[in-house]
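Got the sequence and the 3D view open? Here's a quick, friendly tour of a few spots to look at.

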Amino acid sequence: MKRNSLVLLAFFGCMSLAHARLQVVATLPDFAALTTEIGGEWVDVKSIAKGTQDPHFIEAKPSFMRVVHDADLVIANGLELEVGWLPSILRGARNPKVMEGNPGFLDLGASIQALDIPRGSVSRADGDVHASGNPHYNLDPIRMGDCAQRIADRLGQLDASHSQFYLDKAVAFRKRMIEKTKAWTARIKASGVHQVVTYHKSFTYFFNRFGITSPAMLEPKPGIPPTSTHILEVIRILRDQKVPLILVENYFDPTVTERIRQDLPSVRSKTVAIQVGGDPEIKTYDDLIEKLVQAVESASGRGRS
Amino acid sequence: MYLRLLRTSVFCVSLVGGVFSFGLAHAEVSIKGKSMNPDISANFLGLWQQGTGISNTRTTTSHNGFSLQEAELQLTSDVDPYFRASVLFAISQTAGSTEFGIEPEEVFVETLSLPSFTVRAGKFKMALGKHNMLHTHAFPFIDAPLIHERLLGGEGLNEVGVSAAALVPTPWYSEFTAQVFNPSNETFYGSSSSSSLGTVFHWKNLWDLSDALTLEVGLSGSHGKTAADQSAHLWGSDITLKWRPSEGGKYHALIWTTEYLDGTHAELATTTSGDAQNRLNGIATWIQWQFAERWWLQGRYEHLGLSENFAIPSENRESLLLGYFPSEFSGLRLQYDLLSTQNKLKDDHRIALQAVFSIGAHPAHAY
Ligand SMILES: [Zn+2]
């Protein structure tokens, strides 16, 4: 019954869109890049967040409501990442097509295998924890391959005339990511870097994929800015465990690492983009992961080998 | 049917739990948003103030010393695929007593699936300008602008009625809102007749001047009847410039808001003064500057009595605020005000410290 009505909806959706390009709004630039690759000339893609912005805190600007009002499909990261802003944008957009539960709304987080799912009850005393698990899966090329598949399925559902086109593009992206991940894994292994400290838990999936562990964060708790006592504790961990590298996501203030660099000149500290467009040179998803792998390689030969 | 009953009972239980034990409500309500329970959140505003123009009597609602300025308990949930409901109770001191009363500040349902329109029914803050729609915990300063307090009273224009807001098909964001209500405002529209209808309209426009800068311009008006069934009307305009860079946006922002409100209230007209109507208007302009991740510095200037109506002396107020926000859910604000009234020898000074806390469901921030 439900499936039938979905099919029907999709059918009428296609009738009205037969000659127009699908209007897609992605919440984050990485999903916009993916959709652009999959949809090619048949879709128009816009991203709400910019690569330089913290995706936890995007402002629900009315201009985004205007854009979502005209959208056929909204693609969200999910896992509560957009909880502070996407509901307001969706409500303000007044576009029933893209409301949750309709074919025009795709929550990619709902179908990924999440990491860091908190056990038991969650409390804000632990900072701004994500109760459904870590939402930053965009840095795992394999999971993004799965996302490509889901995006292609949904585009095909909304625009059946090009479904094969979308599917082929998604399969190609996925294959390329599997191949490249093999090469990236080999390079990271060769770099001898096993431990990296970051500002926020944005790298959980990236590290999990490439065999890196993270013994500390610069923020004492998710969403809580670093304190000097916590930085001293991080310095102790960096020294004791001979961690060679600190990566600071580019929307955070990098000056917090100054004290660490003073105390431990051998530790390399780098500010990195973690989304497409976070740096003008990062135009595609491949560029993004390539840059991060290079950042890890830059600490090769430092610390414990 | 059974499910609906169950949901209602869960709703009531969590409500009671919420009033008597905020801690419990937090543990009970998943912030996952995956449960059928409504999203529950509570805000409280603790206040200490000392002012030369403020009463020392504890039974006066705004008095010197410590007070619980307000506690708000909010429940929101989608009713079904078509409607969303929101209930907000405000707990605050009852005038003339040291006791606290609980009042439904907002109780409404609104549509979720109408294309281009949002229709809302219930009791809600009317779309008169920008500040009138804010809840106390979201006020840019500890108190509302003078002109809002004088014209609309402590609770603002918050009435029972119906609202329709349409997205206008323009290249920029443009929204037109029309509302009808039964007037019950304590200071402005007090008509006791249920056949007397008040109206509000609001036209909101917003442009992205760049990725970092937005300009909002709004125009609003309202008409209704006073307690003596005399015609009264209000109109207002607002303009806001908001800057938050897309690089380093976590650490810096600047907001400049100006709001003008003008009320004409025929009931107060006196034959001796020769004034056909009694009119009060005023302007408030304020700048909010975020200079570090957790810090805001704000200034406000207000002028009351622009219309040269000599029956009411003009007033000026200058305010300065320093805000410190350890997280999205807590804040401390220190505010100083200087109020000077024309033809009055002594100025009033006030210093106030406010603590703001929110618990429960993650708030969806309005822009
Ligand atoms: Zn996060």
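Predicted model: local features only at pLDDT ≥ 70, side-chain atom pairs only at ≥ 80, totals over all residues.

Chain A holds the zinc ion's donors, among them A:His56 and A:His200, while the residues nearest the centre of the second largest pocket include B:Thr61 and B:Asp143 in chain B.

**The zinc site**

- Four histidines hand the zinc ion their NE2 atoms: A:His56, A:His130, A:His136 and A:His200, at 2.1 to 2.5 Å from the ion.
- Along the chain, these donors are spaced as H-x73-H-x5-H-x63-H.
- A:His130 and A:His200 tie together distant parts of chain A, as they sit 70 residues apart.
- A:His130 is in the loop between strand E4 (105-107) and helix H5 (141-158), and A:His200 is in the loop between strand E5 (196-198) and helix H7 (204-210).
- A:His130 has 14% relative accessibility, so it counts as buried, the cut-off being under 20%.
- A:His200 has 5% relative accessibility, so this histidine counts as buried too.
- For four tetrahedral donors, the ideal angle at a metal is 109.5 degrees.
- Here the angles among the four donor atoms run from 92 to 137 degrees, and the site is classed as irregular because a tetrahedral one needs all angles between 85 and 135 degrees.

**A three-strand sheet in chain A**

- The strands of this open sheet come in the order E5-E6-E7 and pair in parallel.
- E5 and E7 (268-272) are the edge strands, each pairing on one side only.
- From one strand to the next, the twist averages 25 degrees.
- E5(A) and E6 (residues 245-249) of chain A are joined by three bridges, and A:Thr198 has A:Leu247 in E6(A) as its bridge partner.

**The second largest pocket**

- This pocket has a volume of about 1500 Å³.
- Its lining is made of 46 residues, with B:Thr61, B:Ser62, B:Asp143, B:Glu149 and B:Gly154 nearest the centre.
- Elements of chain B that give two or more residues to the lining include strand E4 (100-111), strand E5 (117-125) and helix H3 (146-152).

**Paired strands in chain B**

- Strands of a sheet pair through backbone hydrogen bonds, either parallel or antiparallel.
- E4(B) and E5(B) go the antiparallel way, over four bridges, and B:Val109 stands opposite B:Ala121 in E5(B).
- Their hairpin has five residues between the strands, and B:Ser116 there takes a positive phi near 70 degrees.
- E5(B) also runs antiparallel to strand E6 (residues 158-167) of chain B, with nine bridges joining the two.
- In that pairing, B:Thr118 stands opposite B:Ala165 in E6(B).

Definitions and conventions:
Residues numbered from 1 in each chain as written. Chains lettered and ligands numbered in written order. Heavy atoms only, no water. Donors = N, O, S within 2.8 Å, 3.2 Å for Na, K, Ca; no water. Tetrahedral: all angles 85-135°; square planar, octahedral: opposite > 155°, others 65-115°. Buried < 20%, exposed > 50% of the residue type's maximum accessible area, 1.4 Å probe, protein only. Pairing = 2+ DSSP bridges. Axes fitted to C-alpha atoms, helices over the stretch in contact; angles between N-to-C directions. 1 Å grid on protein atoms, 1.4 Å probe; cavity = no way out; pocket = protein on both sides within 12 Å on 5 of 7 lines; lining within 4 Å. Points joined across faces, edges and corners; volume = space filled by probe spheres on them.
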